[in-house]
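Trainee: I would like a close look at one chain, please. Take me through its build and then its contact side.

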Amino acid sequence: MGGSSLTSKKTSRFIQEHVVGLKCRDCGKEFEIAPLYVCDECFGALDIIYDFEKISFSKSDLKSRENTLWRYKEFLPFEAPEYVSEIKAGFTPLIRAKLLAKKLGLKELYIKNDCVNPTYSFKDRPAALGVTAALSFGMKSVGCASTGNLASATAAYAARVGLPCYIIIPNGIEVSKISQAQSYGAKIVAVEGTYDDANRLATQAAELFNIGMVNINLRPYYVEGSKTLALEVAEQLNWEAPDVFIVPTASGAMFNAICRGFEQLLELGLINHLPKKPVVAQALGCNPISKAFKEGRDYIEVIENPNTIAHSLAIGNPGDGVYVLRRLKQGGLAEDVSDQEIIEGIKLLAQNEGIYAEPAGGVAIAVLKKLVEEGKIQEDERVVCYVTGSGLKTPETLKGKVEEPILIKPQVKYLESILTWQK
Amino acid sequence: MAKVEVFLPSLVRKNKNISKLSIEASNLKELLDQLVKNDYVDKDKLFDEKGELKRLINIYINGKIERRLDANLNEGDEVSFIPTVAGG
């Protein structure tokens, strides 16, 4: 990586010296740092180019840094604006899941618990970067297309920096996700259609109304936030990469970002090898990537009408889908699970490790279970499972799927028959 | 012939100031021919050397992806050109 600087300093605040420009993932064309997201020649995705030779970084530098995603500033395009970083996104716990590992027949399993971010999902990471990008480019408003989690994250960071926020969602996502985003003061537009309809409209809105849509026209900066999910796991594993990592996948942006994170760590000599089995986990009711992988295709067939309880993964036309398939070709797996398996996955995680996840987390656990049972993940492999959002965001998921509370009169005699099982 | 509304993002258009326009065409091919002929879009931007629509750009008719150039257009249809890589 490297080369001459393509950075237009006059247009961008917070941008770091070692950020050189943007590069097309497909044809390699390079661009100045700007609110661009696809190549003007081939429409390929753009990634940030860093010149790592311009920086000196050692593991010990991290000792004095705050426990947030911004501790990895050498891997991020921006210096953290204080009012963005002080909400403290990232550096979430990596938990050794001993009971769940035993249940599944694994020796070493970890849960990356991103439920505990400030807005209760991993989307704090890309939203923090995306909103910073909007500030950097002097944009007057921000927004996103969202299945729910990004709505809240973008709205929260917009509130912190005082920018108006416009969210475009498909009608029918979880009420709690909408009210959370509304609480931060965002304007919510619900589209009668799928996420892909919302996404198409948001793409047009970004251009027609000059809005910083964090996951569209600010996408190269936005995805760098998700990259910290790899950096943190490596640091928390004492600078070793796991053998396997499992990512609940919708657009594929997070999956690609995590892979890129591990690749950059290897490039800087901070880890010795890449994870050998990256795993894409999807819901059976919206599985464009895992279906293409299983059928040996290098292109995506759009799922027109996603139908799954994992609403946050219901993207039928995944923006990064072809890039995920390209990576999987070099090694990796993709699997999908039914709604019933997702619910079992949520319960398995909650009842063995005390972590209450939204359905996307259930997808990751259910895929893990399936791949272990099929012998595709071996007992002695070190596995990290990304659990990306809190179950409190989707309380309706388990309605009717867990035991109802037992109603009694307020006298101790009524407890006897119920609680005696403990004797 | 049907009058359709076309959304042209800056990525594909030649005339940088026009992002929305009305055009009369009976199918997608006719529409694209007119856009090229009238210098609204650069043909090389949309099509590869084999003359096929580039893989990472989608054409939507009323919100549905359409890659068949003989797809019919109806009065009032909305046609958009959107890069694949967005969202999520």
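How many helices and strands are there in chain B?

Mentor: Chain B has 2 helices and 5 strands. Helices are DSSP runs of H or I with at least four residues, strands are runs of E with at least two, and both are numbered from the N terminus. Along the sequence, their pattern is β-β-α-α-β-β-β. The radius of gyration of chain B is 12 Å, close to the 12 Å that the globule rule gives for 88 residues, so chain B is as compact as a globular protein of that length. That radius is taken over C-alpha atoms, and the rule is 2.2 Å times the number of residues to the power 0.38.

A note on the source. This is a predicted model: local features need pLDDT of at least 70, side-chain atom pairs count only at pLDDT 80 or more, and totals for chains, interfaces and linings use all residues. Residues are numbered from 1 along each chain as its sequence is written, while chains are lettered from A and ligands numbered from 1 in the order in which they are written.

Back to chain B. Its C-alpha atoms fill a box of roughly 30 × 30 × 25 Å along the principal axes. Of its 88 residues, 28% count as buried (20 or more other C-beta atoms within 10 Å of the residue's own, with C-beta atoms placed from the backbone).

Now the contact side. Chain B gives 19 residues to the contact and chain A gives 28 residues. Two residues are in contact if their C-beta atoms, placed from the backbone, lie within 7 Å. On chain B, β3 (57-61) and β5 (78-83) each give two or more residues to the side that touches chain A. The largest share, 3 residues, comes from β5(B).

Terms used
A residue is buried if 20 or more other C-beta atoms lie within 10 Å of its own, exposed if 12 or fewer, and partly exposed in between; C-beta atoms are placed from the backbone.
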